[in-house]
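Subject: Structure handover

Hello,

Here is the structure I said I would pass on.

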Amino acid sequence: MRIGVFTCWCGENIARHVDCQKVAEAIRNLLGVHCSVDYKYMCSDPGQSMIREQIRNGKLTGLVVAACSPHMHLKTFRKAAEAEGLNPYMVEMANVREHCAWVHHDREAATAKAIDIIRMAVAKVQQNRPLAAIRVPVTKRAMVIGGGVAGIQAALDIADAGFEVVLVERDPSIGGKMAGLSETFPTLDCSQCILTPRMVDVGQHPRIKLHTYSEVEAVNGYVGNFKVTVRKKARYVDITKCNGCGDCWNKCPQKKNLSEFDFGMGKRTAIYVPFPQAVPARPVIDREACTMLLKGKCGICAKKCTRGAINFEDQDQLITEDVGAIVAATGYKLCDIGKDEGRYKGYGEYGFGRYADVIDGLQFERIVSASGPTGGEIKRPSDGKTPKSVVFICCVGSRDDAKGCGYCSKICCMYVAKHTMLYKHKVHDGQAHVFYMDIRAGGKNYEEFVRRAIEQDGAEYHRGRVSRITEHNGQLIVRGVDTLVGEAMTIEADLVVLATAMRPADGVESLAQKLNIGYDEYGFLSESHPKLRPVETNTAGVLVCGACQAPKDIPESVAQASAAAAKVMMLFARDELTREPEVAEVNEQTCAACFSCVRGCPYKAIDEADITDRQGRLIKRTARVNPGLCMGCGTCVAICPSKSVDLAGFTEQQVYAMVESLV
Amino acid sequence: MQIGYYPGCALHGSSNDYERSVRVCLGRLGMELRELDDWVCCGATAAHSLNAKLATALPARNLAIAERDGIDQMLAPCPMCSMELIKAGQALAASDALRREMSEIVEQKVSGATGVLNLIQVFQQIGLERIQKAVVQPLSQTKAACYYGCLLVRPPEQLRFDDCENPTSMETIIKALGAEAIDWNYKTECCGAGMTMCNEDTVLDLAHKILTDVAAHGANCVVVACPMCHVNLDMKQADVERRYGVTHRMPIYYLSDLVGMAMGASGAEMGVDRHYVVA
Amino acid sequence: MSETQTKHDFEPKIVAYVCNWCTYLGADLAGTNRLEYPPNIRILRLPCTGRIDFNLIVKAYEMGADAVLVSGCHPGDCHYTSGNYHARRRWMLFRVLLEGIGFDMRRVHFTWISAAEAKKFQEVVIDITEQTRALGPYGDFRKLLEAPVC
């Protein structure tokens, strides 16, 4: 082995506290060291040229650069070595700046430590082996999970760029929460008017394959090469035969089921299309409500269907899709106060679920929406009366660690302002009251919007909390405090709307586990870096966008969806991917096939494999690492009882050599 | 079955009807009460608003006696007492230093390990099934408004008992007796408590609100599990009626009264005849 | 162990096994912030605390370490999702084993230090160095090695 050691002064940074010349001299005599030099700036052009010249002339087979942190310049020096024909994985760095010169001011001790650090690196590099980057092919086809506005945007962007997209939606129609909103802040444009054309685009796009009423069952594979199993739930309607005429749902006798789309504010039949603009505009039978499916009695829809599209024998189907990248856009739900358990249990004082006229923000959206159960006329749920006084309460379940979530739900300040405006525009003699903690209206035209609600539409804003809501003869008595006035106050209201916290949609934790991505204590999916990698996750090829990552409004969700789409396109712009070769490998000769590593691997990157002879007879079983999936954490190395797994770049030999150099 | 019993000042004083009721009722359910030897006041509001050390030391002394006598579970029918005992017990269990300090002050070793229960929790421990089996006279005519007041469920972090804003545990027991539990507004509002001494107007106002709402929701009696609530709703009811010019005539029962009566105990036996408002 | 050695006659040797993504970067940040600490520590960079097995820790004592530090990402923050949980579980078992053979548990340290916790890194290193200095050299480890196998 011919190792070159290059000690950098980093100007004064290292040289001030470390005697670099002395270091270079001490290292020169180590076994295997061919040359040891020090220089003012190793990372500079002349510094790198000098290294390259030494590699060339000294026929170096290994390199140690004693300078800053490997997180800073390891790539730089590996590139320089590669340019000279030396395998980049034969380069190691000794961190004598951050871990030595910058933290120790006793020159003698710092110099001695620097020598130790370099000796460790030299010991390691002696055990290094050339490694080649791993190449994996890319399936240029993406999956988007969730068909709300974020999923729709991501799917359209990717498809418009020329790649195929598989869009998986849990509900019978795409559209998500946005399809149910009345009008949107801060422009008050109609939500459906802007969303439904995009839904149609998705439905008609030649490169988008839509699986509605479907859920992701399992995810296998790795970046560029995922195999996703999708469960298509039994719809009991053959959507290839159905033409969406409506004869079935118009005749269905089971009319009293609460509509999910209306958040329980309206009713639907057992065979139903969630809303008229649904994509696909094909019905589905609710297996919990249909008497034919439950008791074998009825079947009116099948008799009315002229195309024979109804199939009561329908079964769930499992299908597999090959994709190269996955975008999770599973969205949110509102904190279901009164029903939620554990940390979210609280707010019994607001009587949500006890009093019919205490509703949440999304329910209010439906009763102001022109497409809603009241046709856009504001009527309260209990008796259909037009409410003349409405109280809106902000921060219910959010910004409240004691009985809800600690985070700010972000969109409520804005939609509450919007609600007060919509209410005033429809009930001119009505009065809206808002109890708030702070008004958070950061965003383009947002603050102006809130001012309009207060100044033009006369919403009464009270800074304070509500302590209790009681009901007397059909009237809600809201007791709260206005901390700016400094007085307790009581408002008689006909309707109370709670701005409940946004929480991630149900089942997101199990999806995250299937995708092998992280989620926080509330269940929001974790991005790879909060600032610099906001849509990537810690699993390569899996991206997140929209409210499944954190509370977000529509503009932000859409922007993030386009960002995720751009990341997918970056991935698909290449025909194959290269990955760091610092991955684990099993010695199949010594593997005892206990498969502890298979269970321990955080990436499910190790499989159980058979070794057979030419006749196909089993010789032995062994663990086998899939290098495409392995992220190189090395957990398997520490787990393996027979020491049959090793991690390239951090092999047992390398690590022990380093420890042994410390004598 | 035996359980420790901490009566507190009220049950040996103005609310001795509550004590009689608890003893008779639990006795019929086979529960023997072992009164804590040489107990002292829990400190109540007076101690915790003036002197934090005293507010821990008083209950700590009671807990120390319980530990010494091998009582691992103790009923404190007054919510103020149970709250103070639980709070002190938790503080003791959490801090080594406090245990040492308090052991020194009360001159006995104290660890805070004794479980302190309110009346509802004791019924829960006995179990609905056993209570149901013991019912001989289902209270089919009773429409009860369960009134928890403030201290039975608060502070929630420490008591960890029921939903502090919309509790339902008392209702569950009432229903087991064959009675109807009506839903109403002021289950956990304050009755005015000790204000009854210094600011009677406040108490009368609060009591009036509570009594009015109870009636408006169709109840024919109120059930409480707190001596203070009982005083303010029962003893003060005549004052409320006089002040507001109304007739409430709303009987106020302790939870143990109703359980006892359903099991066939007589009102007189349990001190119900000592209530001011007669059913 | 020679109890007579005075404090500063003895410079303890401390080996730290740290993960690449949290503690190593925390140590980098300590450097960037010029947070001074005693130079007795030698840091070995590994991808994840999940990679660290018992033998590596024992090896450090064999090579004359007076104390060993294992430090990685906080629970929930692992770059590899769950490697640090494996490390923690392994540590729970290893601890019992070490205690059982009469190992001096004051000489092995396990902490979580994130990439942002430069100050904590400094404090931990100062703390361990001072503690170990007070304990003196770990001569007893030799005796453990030479003890008859039962």
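Which side chain of chain C meets A:Glu652 in a salt bridge? The partner is C:Arg51, with N and O 2.9 Å apart. Please keep in mind that this is a predicted model, and that the values below are computed from it.

Chains A and C

There are two pairs of chains in contact, and chains A and C share the most contacts. On the chain A side 42 residues take part, and on the chain C side 43 residues. Together the two chains bury about 3600 Å², with 60% of that area on carbon and sulfur atoms. Three residues, A:His71, A:His99 and A:Phe650, supply 16% of the area that chain A buries against chain C, which is more than any other three residues supply.

The salt bridge between A:Glu652 and C:Arg51 belongs to an interface where four salt bridges are found. The count of residue pairs in polar contact between chain A and chain C is 17, with both residues at pLDDT 80 or more. Several elements of chain A give two or more residues to the side that touches chain C: the helices α3 (70-83), α4 (97-101), α5 (107-127), α17 (635-639) and α18 (652-660), and the strand β34 (645-647). Of that side, α18(A) provides the largest share, six residues. By residue class, the side of chain A that touches chain C has 21 nonpolar, 14 polar and seven charged residues.

Chains A and B

Here, eleven residues of chain A are in contact with 13 residues of chain B. The buried area is about 980 Å² between them, and 32% of it lies on carbon and sulfur atoms. Within chain A, the residues that lose the most area to chain B are A:Arg354, A:Arg468 and A:His472, which together make up 48% of what that side buries.

Between chain A and chain B the count is four salt bridges. Strand β24 (residues 466-472) of chain A gives the most to the side that touches chain B, with four residues. That side of chain A divides into one nonpolar, three polar and seven charged residues.

Chains B and C

No contact joins chain B and chain C. The closest C-alpha atoms of these two chains lie 23 Å apart.

A sheet in chain C

Chain C holds an open sheet of four strands with parallel pairing, in the order β2-β1-β3-β4. Why is one side of β2 (41-46) and of β4 (108-112) left without a neighbour in the sheet? Both strands of chain C stand at the edges and each has a single partner strand, so one side of each has no neighbour there. From one strand to the next the twist averages 20°.

For β2(C), the pairing can be followed to a residue. Strand β1 (residues 14-19) of chain C pairs with β2(C) in the parallel sense over six bridges. C:Ile14 has C:Ile41 in β2(C) as its bridge partner.

Regards

Notes:
Residues are numbered from 1 along each chain as its sequence is written. Chains are lettered from A and ligands numbered from 1 in the order in which they are written. This is a predicted model: local features need pLDDT of at least 70, side-chain atom pairs count only at pLDDT 80 or more; totals for chains, interfaces and linings use all residues. Side-chain values use heavy atoms; hydrogens and water are left out. Contact means heavy atoms within 4.5 Å. Buried area is the accessible area (1.4 Å probe) that two parts lose on being put together, summed over both. Ala, Val, Leu, Ile, Met, Phe, Trp, Tyr, Cys and Pro count as nonpolar, Asp, Glu, Lys and Arg as charged, and the others, Gly among them, as polar. Two strands pair if DSSP finds at least two bridges between them. Axes are lines fitted to C-alpha atoms, for helices over the stretch in contact, and angles run from 0 to 180 degrees between N-to-C directions. A polar contact is a pair of N or O atoms within 3.5 Å; within protein, one must be able to donate a hydrogen and the other to accept it, and residues adjacent in sequence count only if both atoms are side-chain atoms.
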